[in-house]
Amino acid sequence: MAVRGGGPGGSRSPVEHGFPHLPTVREAITALYRRLSYETVRTFDVSVAAGDVAFADVDELYTGAQRVARVLVRHLRLPEARLVVSFRDMEYAANVEPAAGPEYFVELNSRFKSHRRDIGAALAHEVTHVWLHRLGLSFPGVRDNEILTDTVTAYLGSGWLLLDAFREDGLTSQKLGYLTPEEFGYVLAKRAEVFGEDPAPWFTSPQAYEAYVRGREVARRDARRPPLVACGWAGRHRYAWDRRYARTHPEETPFPPRDPEGGYVFESCSPLRVSFACPTCLQRVRVPVRGRVRARCGLCRSVLECDT
Ligand SMILES: [Zn+2]
Ligand SMILES: [Zn+2]
């Protein structure tokens with residue numbers, strides 16, 4: 001339940017980059033839609049505003065932390081939950097123990113006393129733990145559950161704070177959360193597409209903004225993969241080759257073998273069908289192979305124009 005962090009205040013250990021957790025991140029987005037439903041996800045259309053969680057070093061420490069916690073609790077609509085924030089020297093950046101409530105005890109690393117601007121980011125992750133606990137949504141294993149927590153924090157509108165807490169200079173780096181900066185960018189871009197929001201101007205950290213742009217590129221690629229009509233020439237060419245192979249080698253379907261990237265797979269043979277990940281909620285969608293098909297994702301209701 002702890003948020004890991006090479007910080008606040010900086011660490012010399014290198015920050016992990018890239019997309020090593022992407023399959024779990026994608027599963028987390030699907031699980032969120034399954035548990036909440038499309039309608040409920042859509043009600044989280046406004047992100048936490050920077051001004052509402054701003055914390056200056058002159059603000060009183062405990063009342064300030066309680067005020068920021070209340071903003072985040074309200075954002076996730078946990079009306080009766082009360083967060084009691086304390087500070088302690090510890091290995092982790094922050095920690096909360098799941099409990100029946102209504103009181104939840106959150107510990108923040110005492111280093112936050114002199115890095116108050118990132119208290120909102122650390123609390124965003126911990127409040128999401130409480131919210132997921134009350135919802136009964138979890139992934140098995142600490143690692144995957146933390147990835148679920150970061151992904152949900154970002155998808156529901158307070159996780160941009162976690163990415164913005166990523167800062168690097170020549171000597172030190174600090175980062176909060178389990179996702180890499182680029183993976184946070186990926187989830188924020190997925191959210192931005194659904195809600196028509198642009199988080200780019202919110203970043204105060206140049207490194208966070210750059211990571212957002214790299215994550216957004218990968219997020220956009222999801223919508224440009226075959227059999228979606230928006231896929232490029234190279235993808236269409238490979239798709240046609242694989243389709244021919246699946247037709248002529250039915251004993252080898254599903255083909256291609258399971259793709260961790262969530263790409264298309266030809267399944268069963270009469271009639272041939274193709275499944276692929278919905279670019280919005282990443283649940284697999286199945287359509288018959290018969291040219292132009294318009295499919296509607298049953299989970300997030302996206303309309304998918306396909307050329308199968
Ligand atoms: Zn955690
Ligand atoms: Zn979908």
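Reader: Which residue stands opposite Val-96?

Author: In this predicted model, Val-96 faces Val-106 of S3.

Reader: How many bridges join S2 to S3, and which way do they run?

Author: Three bridges connect S2 with strand S3, residues 103–109, and the two run antiparallel.

Reader: What is the strand order of the sheet?

Author: The order is S1-S3-S2, in an open sheet of three strands with mixed pairing. Strand S1 (82–88) and strand S2 (94–96) each have a single partner strand, so they stand at the edges and one side of each is left without a neighbour in the sheet. From one strand to the next the twist averages 20°.

Reader: Which helix packs on the sheet?

Author: Helix H4, residues 119–135, packs there and touches S1, S2 and S3. The direction of H4 makes about 145° with that of S3.

Reader: Salt bridges next. What is the count?

Author: The count is 15 salt bridges. One of them joins the side chains of Glu-107 and Arg-88, at 2.9 Å from N to O.

Reader: How accessible are Glu-107 and Arg-88?

Author: Glu-107 has 22% relative accessibility and counts as partly exposed. Arg-88 also counts as partly exposed, at 39%.

Reader: What does Arg-167 meet in a salt bridge?

Author: The side chain of Arg-167 meets that of Asp-118, at 2.8 Å from N to O. This pair links distant parts of the chain, 49 residues apart: Arg-167 is in strand S4 (residues 167–168), and Asp-118 is in the loop between S3 and H4.

Reader: Is Asp-118 buried or exposed?

Author: Asp-118 is buried, with a relative accessible area of 3%.

Reader: Which residues are linked in a network of salt bridges?

Author: The network links Arg-26, Lys-190, Asp-222 and Arg-225.

Reader: Switching to helices. How do H5 and H7 cross?

Author: Their axes come within 8 Å and cross at roughly 35°, with H5 spanning residues 142–155 and H7 residues 181–195. The crossing is right-handed.

Reader: Which residues make the contact?

Author: H5 contributes Asp-150, Thr-151, Ala-154 and Tyr-155. From H7 come Phe-184, Val-187, Leu-188, Lys-190, Arg-191, Val-194 and Phe-195. By class, the contact of H5 with H7 has seven nonpolar residues, one polar and three charged.

Reader: Take Leu-188 in H7. Buried or exposed?

Author: Leu-188 is buried, and its relative accessible area is 4%.

Reader: What does Leu-188 touch?

Author: Leaving out residues up to four places away in sequence, Leu-188 touches Ala-154, Gly-159, Trp-160, Leu-163, Phe-203 and Tyr-212.

Reader: How far apart are Leu-188 and Trp-241?

Author: They are 53 residues apart in sequence, and 34 Å apart in space from C-alpha to C-alpha.

Reader: Where is His-21?

Author: His-21 is in the segment before helix H1 (22–36). His-21 counts as buried, at 9% relative accessibility.

Reader: Which residues does His-21 touch?

Author: Setting aside residues up to four places away in sequence, His-21 touches Glu-16, Arg-143, Ile-147, Tyr-178, Leu-179, Thr-180 and Glu-183.

Reader: Last topic, S9 and S10. What do they form?

Author: S9 and S10 form a hairpin with six residues between them. In the turn, Arg-301 has a positive phi of about 70°. Five bridges join S9 to strand S10 (residues 303–307), and the strands run antiparallel. Across the pair, Val-293 stands opposite Cys-306 of S10.

Reader: Which residues are on the covered face of S9, and which on the uncovered one?

Author: Strand S9 covers residues 292–296. Val-293 and Ala-295 make up the covered face, while Arg-292, Arg-294 and Arg-296 are on the uncovered one.

Terms used. Residues numbered from 1 in each chain as written. Chains lettered and ligands numbered in written order. Predicted model: local features only at pLDDT ≥ 70, side-chain atom pairs only at ≥ 80, totals over all residues. Heavy atoms only, no water. Pairing = 2+ DSSP bridges. Helix = DSSP H or I, 4+ residues; strand = E, 2+ residues; numbered from the N terminus. Axes fitted to C-alpha atoms, helices over the stretch in contact; angles between N-to-C directions. Contact = heavy atoms within 4.5 Å. Left-handed = near helix turned anticlockwise from the far one by under 90°. Nonpolar A, V, L, I, M, F, W, Y, C, P; charged D, E, K, R; others polar. Buried < 20%, exposed > 50% of the residue type's maximum accessible area, 1.4 Å probe, protein only. Salt bridge = Lys/Arg side-chain N within 4 Å of Asp/Glu carboxyl O.
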